[in-house]
Amino acid sequence: MTTLRTRRVATGRLTQQITEARTEGEPVVFLHGNVSSSAFWHTTLTTLPTPYRALAVDLRGFGGTDPLPVDATRGLRDYADDLADLLAALDIDRAHLVGWSMGGGIALQFLRDHPAAVRSLTLVNPVSPYGFGGTHGADGTLNSEDGAGSGGGTANADFVRLLAEGDRGEDSPLSPRSVLAACYVKPPLRPEHEDAYVDSMLTTRLGDDHYPGDSTPSTAWPGIAPGTRGVLNCLAPVHFRVDDLHLIDPKPPVLWIRGEDDVIVSDTSMFDLAHLGALGAVPGWDGTPAQPMLAQTRHVLDRYAEAGGTVREVAVADAGHAVHLERPEEFGKALLEVLSA
């Protein structure tokens, strides 16, 4: 069985913790999502065959990486720049990138900024190239100029409180374990190593500079707009928008793999205030449409393909947000195909 090694790597920006299966071979770098850490990739690391050097990094403010503040006005560039410095410190000139959820957005940003450094890009249930919340239409049109309906103020206060308390139980539907079981994977699946994943979620640094970030009032429904600091604000559409991938050169192959029953990244996301408003769960809904997250990703990737890039979309039935945990064989097969393309 493959033995994983965890170590901290100092860069010019911060010290980052990585977990790796081996130190030789063609690099494959795994990026985790929000409220998690590289622990969500550990099983995948052990299954990647020996021609590849598999490693997963803890993003700033998660796991064992330094909790530097997040400047949300740069979108996801703090994380993408951290990754660039990490690869330089590891003497990696080109790598395959695999990004899950928010990690998919970071991978998109890195590809936009450093296309020649990417051998292939695998997006696993990625955040929309137009951010999370506050937009409508396949082209990511803002619902309001200030990005109302996105950012730090959209987080559930009870979930944040239970994270802060280090809650490892499931008495509340908003505890980390309950959210993992109900939203990260499709019920009734309970993932192997669940305790490790809950511990991973609890490494999330909290506050205005981290998760969820600050917020500002808005005159537009639902009355909150993004701030300038922290995780959810760097995903707000006024700060993060990667809709010009068709312009980059070179264009590495892209795999988009997703669970068909994802409730986080979806055209009817249970984390999108506009969709929740339509369901009556957020008061005062004014008819603001839900964000078509899948349609937006498809729009951007279709343009990438039309401009000469290679894109493959794989929709996995009966799987949710963490398709790499729920359907590891299907995920692994698709991943190896793009790695060898």
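The legends below describe close-up views of a predicted model. Local features need pLDDT of at least 70 and side-chain atom pairs count only at pLDDT 80 or more, while totals for chains, interfaces and linings use all residues. Residues are numbered from 1 along each chain as its sequence is written, and side-chain values use heavy atoms, with hydrogens and water left out.

**View 1. The buried residues of helix α6 (residues 194–201).** Glu194, Tyr197, Val198, Ser200 and Met201 are the buried residues of this helix (buried: under 20% relative accessible area, with a 1.4 Å probe and protein chains only). They lie on the same side of α6 because they cover an arc of only 155° around the axis, the arc being that of the directions from the helix axis to the C-beta atoms. Their cover includes α1 (42–47), α4 (157–164), α5 (176–184) and α10 (323–326). Helices are DSSP runs (H or I, at least four residues), numbered from the N terminus.

**View 2. The largest nonpolar core and Tyr211.** A nonpolar core is a set of buried Ala, Val, Leu, Ile, Met, Phe, Trp, Tyr and Cys residues joined through side-chain atoms within 4.5 Å. The largest one has 91 residues, and Tyr211 is among those with the most contacts inside it, as are Phe30, Tyr79, Met102, Leu121, Tyr184 and Ile257. Helix α3 (residues 102–113) gives the largest share of this core, 6 residues. Another core, of 5 residues, lies apart from it and includes Trp221, Leu273, Leu276 and Val282. Beyond its neighbours within four places in sequence, Tyr211 is in contact with residues including Asn34, Phe159, Arg205 and Leu232 (contact: heavy atoms within 4.5 Å).

**View 3. The largest pocket.** A pocket is an open set of points on a 1 Å grid over the protein atoms alone, where a 1.4 Å probe fits, with protein on both sides within 12 Å along at least five of seven lines; lining residues have an atom within 4 Å of a point. About 800 Å³ of space lies in this pocket. Of its 35 lining residues, Phe132, Thr154, Ala155, Tyr211 and Phe271 lie nearest its centre. Helix α5 supplies the largest share of the lining, 5 residues.

**View 4. The second largest pocket.** This pocket holds about 240 Å³ of space. It is lined by 17 residues, and Thr43, Thr44, Thr47, His324 and Pro328 are the closest to its centre. At least two lining residues each come from α1, α10 and α11 (328–339), and α11 gives the largest share, 6 residues.

Key. Buried means under 20% relative accessible area, exposed over 50%, partly exposed in between (1.4 Å probe, protein chains only). Grid points are joined across faces, edges and corners, and a volume is the space filled by probe spheres set on the points.
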